[in-house]
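Keep the model open as you read.

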Amino acid sequence: MLKSVEDPQIAGDDTAPARRPGGGVATALRATVQAALMVAVLVGSYLAMERLIAAAPERTARPQPDVSVPVEAVVVAAGDERPNVSLYGEVAAARAVDIRPPVSGEVIAIHPDLSAGRRIEAGATLFEIDPFDLEVALAEARANLAQTEATIAENEARLVSERAQLEGARDQLDLARSDLARAEQLRGNGTLTAKQVEDRELIVSQREQAVSQRVNNIAIEEARLDQQRAIRTRLELGVRRAERNLGDTAVRAPFSGVVRSSTVETGRIVAANDVAVAMYDDSALDVRFTLTDAQYGRIATDADPLIGRDVTLVWTVGNLDYTYTATVNGIGADIASARGGVDVFARIDVTDGPVQLRPGAFVAVTVPDRLYEDAVRLPETALYDAGTMYVIADGRLEHRTVEVAAFDGADVIVTGGLTAGEQVMTTRLSNVEDGLKVSVPSAETPAIDDGSTPVAGARPTDEMITAAKRLSGLTDAQWDALSGDERRAYFRQLRDRPDTAGDG
């Protein structure tokens, strides 16, 4: 029987060696060689870089020029300054009326200009009311008065008659009393009997009663006459009232002015005391504006009173400004807490301008502020921070602490900190400090702006300015500080190097 011979490597005998002797040493040697080559490359590169740096020429910093910044300046001159306060106000009618007809009735005629916005002269008849009913009332009042006049005449006649009868009754009484006296004497003589005397006494008594009756009748007639006279007085007033009502059928304008509104139409019934026409006097317009507490207190302490001060108004209509003048004629009685100040009223002067002001218009108001003596007026651009300005001394800046009194538009009023004759810089600089060198262009040589032209008649483009700055090697601040001639020099260099002119 044959036996198979097994190869221990094929059979996978674990006792067979996995690799040939010496394989691990070769691998380690290759890794060492590769690391050495990398180090050699790095060292060589470093040495080459050092050699190139050492061989390069050394660059030196460009010297910074001691340039003078061109600025504008104003010479300090003290004097009396009165700034203005700019406010806004509303125009209002100082004299306005709602016209109410005194009587009711149908409108039979109206004024041709009786419509909103039209002007009507004083005394013109605005509209007329049908007078028929009032004419009838007047006729009745006059008839009643005539009747009362007749009654008074009748009473006066009766009174005259009663007074005449009273005189006759008194005469008869006197005669009866005389007859009684004689009868009593004759009775004593025995001539007359007692009955005859008693008859005469009865006659005297009757005559006394007649006189008393006449006196009473006269008193009654006088009372009736007084009553009729009182009625006559009342009726006379009624006649006058009816005449006035008849006259009130023609309603007239109380003054010359502009119609604000009207509800009157021909054929319409108007009721007494209902508003029929509203109008205002266009020659008496006021502007009302509000001064803050600080403004009012400042102006109130001025030597010139606020009342009577002239103000200026500007009304902007259709992109056009119309100027008017006014005079302060009143101050509000109360503090306008809702508006935070004091209301002031100024009467607008009447003008013949092309555009007439109307109530309700909002206008810009310019009010003269208080007067500051020995003050300096400067452009507001001269003011830095809250109260700092810079004066020019020997071509360099020096700061001054000033006292700001007020602002007036684009100007500032200064009352302290400056000396007459000093030059105050009015140009705004982003970097300003004491000692900065500046120059003020003379009046004959105007200052050159940032767009100084490299060629006569041609303004440099933004790309050219950028290229010139790059050519100069200056910062933006240093470039701004250059004079016009220095900038032109760089533009000429740029012109001679057209390859850089368009480098942007």
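The paragraphs below take the aspartates in turn, then the sheet.

This is a predicted model: local features need pLDDT of at least 70, side-chain atom pairs count only at pLDDT 80 or more, and totals for chains, interfaces and linings use all residues. Residues are numbered from 1 along each chain as its sequence is written, and side-chain values use heavy atoms, without hydrogens and water.

Start at aspartate 282. It sits in the loop between strand E12 (277-280) and strand E13 (285-291). Strands are DSSP runs of at least two residues, numbered from the N terminus. Aspartate 282 is partly exposed because its relative accessibility is 22%; the class lies between buried (under 20%) and exposed (over 50%), with a 1.4 Å probe and protein chains only. Its side chain makes a polar contact of 2.7 Å with the side chain of arginine 119. Such a contact is a pair of N or O atoms within 3.5 Å, one able to donate a hydrogen and the other to accept it; residues adjacent in sequence count only if both atoms are side-chain atoms.

Aspartate 369 lies in the loop between strand E17 (362-368) and strand E18 (372-379). It is buried, at 2% relative accessible area. Its side chain meets that of arginine 298 in a polar contact of 2.8 Å.

E18 leads on to the sheet. Four strands form an open, antiparallel sheet in the order E3-E18-E22-E21. Strands pair if DSSP finds at least two bridges between them. Strands E3 (79-81) and E21 (403-408) are at the edges with a single partner strand each, so one side of each has no neighbour in the sheet. Four bridges join E18 to the antiparallel strand E22 (residues 411-416). There, proline 379 stands opposite aspartate 411.
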